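Dear colleague,

Please find the structure for your review set out directly below. My notes on what was found in it follow.

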Amino acid sequence: MPSKVFFGTARQARLEAKETLPAKLDLILEQLHLRDRVDKETVVIKMHTGNNMVYSTIHPVFVRRVVQAIKDGGGKPVVVDVNWDTEGAEKRGYASEVIGCPVYPAAGPDEKYFYDHERPYKNIQTWRIAGLIQDSSFLVNFAHVKGHPTCGFGAALKNLALGCLAGKSRSAMHDAMHYDPYWFPEKCPDKSLLAQITAACPFDAVVEDKEHPGSLHLHMEQCNQCGRCLKVAPEGSLRIAAVNFHSFQEACAHAVDIVLSTFAPGKAVHLNLATHMTPVCDCFGFTSMPILPDAGVFGSDDIVALDQATLDVIGKTCLIEENLPTTMEIHTREGHPFRWLHGPHKDPYKVTEYSEKLGIGSREYELVDVLPLEYPERTSMPYIAAH
Ligand code: SF4
């Protein structure tokens, strides 16, 4: 049976507060029965609190409404994120006076508060789940949707996958992309060619490996798989292959599976806010122009259905190409707009595919619009209406 995903479009008919996104978030929280589910629960709200001067993360107005709903229901909320993002979060509006609850680093200020979980995957054996995540009894996963240089996009799945793990595990998940070999030195006996290969990349994505002179290292985040380097490299010496890029998304699915296993069934809800979507992650510490039209707010008990529905809705809109940074290029126009932006091997849907295979949720969903858009023939333009 398809999972229900509740949706509030960013568009509105009338210039009235009740048709805007915070009000639609309230409707989604009602549909998810959040208030009825959190009595006496220790509720951890996992969100991305951004870094430095980013201003496109979830606006405190939305966070406050979630916090209030939890308090109304008798729960005890706390917002968490990784330590380097919670540090200074108050400068971006995430202070208890504003949002109504404290903001803590999920694995402690020095990331020494975590629980080990064993699961072998490529280079990873042990996964460190942040202590405040595992020690809480209810999870509200509140994600800002945006592009991402490692996997095409970030939303609910990635918010848990990276944001609920301590630093060493986050690094190991990125290293998974290097597990399958991509440089075959025996196919390139002429080492003078290395300089030509690295020079062919306009993004400095392929460089000589400092630790292993004579070898190449691929910065996967910087690579959009344009193939310029492959035109210079001797045949078979360098591989720009999906398996390396997809490893990160598969690792994300495993991390989410482990994170959610620490909560009892029915003790997690997931929310995506798809507004001011930028090309790269909120941890970059700045906000660039939006690259897609605002889509709206989404909520579900099924994290896989949620990200799938979010991607599908966004995929029906067009990349705002004139808003792209001039240093980014589009060399494929197939598939999802996030794929156009970050390259064919960074297909944003891969993480939902891997997550479904692990049984985390379903990619089949029913989209329930909590306030369908109307097209009234006549309406009066209100002046200032506070409510
Ligand atoms: S495929 Fe393109 S972006 Fe990637 S390393 Fe090669 S030249 Fe650079």
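In these notes, a residue is called buried when its relative accessible area is under 20%, exposed when that area is over 50%, and partly exposed in between. Please bear in mind throughout that the model is a predicted one.

I begin with the ligand and its surroundings. The ligand sits in the largest cavity. The residues around the ligand are C201, F203, A205, V206, L218, C223, N224, Q225, C226, G227, R228 and C229. Sorted by class, this shell comprises eight nonpolar residues, three polar ones and one charged one.

N224 belongs to the loop that runs between β11 (216–218) and α10 (228–232). Its relative accessible area is 7%, and N224 is therefore classed as buried, since the limit is 20%. The C-alpha atom of N224 is separated by 9.8 Å from that of I240, and the two residues are 16 apart along the chain.

- G8 is part of strand β1, which covers residues 3–9. With a relative accessible area of 0%, G8 is buried. D26 is 18 residues from G8 along the chain, and their C-alpha atoms are separated by 9.8 Å.
- H148 is part of strand β8, made up of residues 146–148. Its relative accessible area of 6% makes H148 buried. Although H148 and T278 are 130 residues apart along the chain, 8.6 Å separates their C-alpha atoms.
- I303 is in helix α12, which covers residues 303–315. I303 is buried as well, at a relative accessible area of 1%. Between I303 and N244 there are 24 Å from C-alpha to C-alpha, with the two residues 59 apart in sequence.

I turn next to the aromatic rings. The count of aromatic pairs comes to four. In one of these, F284 and F286 are arranged edge-to-face, with 6.1 Å from centre to centre and 90° between the planes. How accessible is F284, in terms of relative area? The value for F284 is 43%, so this residue counts as partly exposed. F286 is likewise partly exposed, because its relative accessibility is 39%. A ring of another kind of contact is that of Y354: K350 lies over its face, at 5.5 Å from the ring centre.

Finally, two points concern the backbone. Most residues other than glycine have a negative phi. Which value does phi take at K40? Phi of K40 is near 65°, which is positive, and K40 is not a glycine. K40 is placed in the loop between α2 (34–37) and β2 (42–46), and its relative accessibility of 72% means that K40 counts as exposed. N52 also is a residue other than glycine with a positive phi, in this case of about 50°. N52 is found in the loop that connects β2 and α3 (60–72).

With kind regards

Terms used. Residues numbered from 1 in each chain as written. Predicted model: local features only at pLDDT ≥ 70, side-chain atom pairs only at ≥ 80, totals over all residues. Heavy atoms only, no water. Near = heavy atom within 4 Å. 1 Å grid on protein atoms, 1.4 Å probe; cavity = no way out; pocket = protein on both sides within 12 Å on 5 of 7 lines; lining within 4 Å. Sits in = over half its atoms within 2 Å of the grid points. Nonpolar A, V, L, I, M, F, W, Y, C, P; charged D, E, K, R; others polar. Phe/Tyr/Trp six-rings, centres within 6.5 Å; stacked < 30°, edge-to-face > 60°. Buried < 20%, exposed > 50% of the residue type's maximum accessible area, 1.4 Å probe, protein only. Lys NZ or Arg CZ within 6 Å of the ring centre and 35° of its normal. Helix = DSSP H or I, 4+ residues; strand = E, 2+ residues; numbered from the N terminus.
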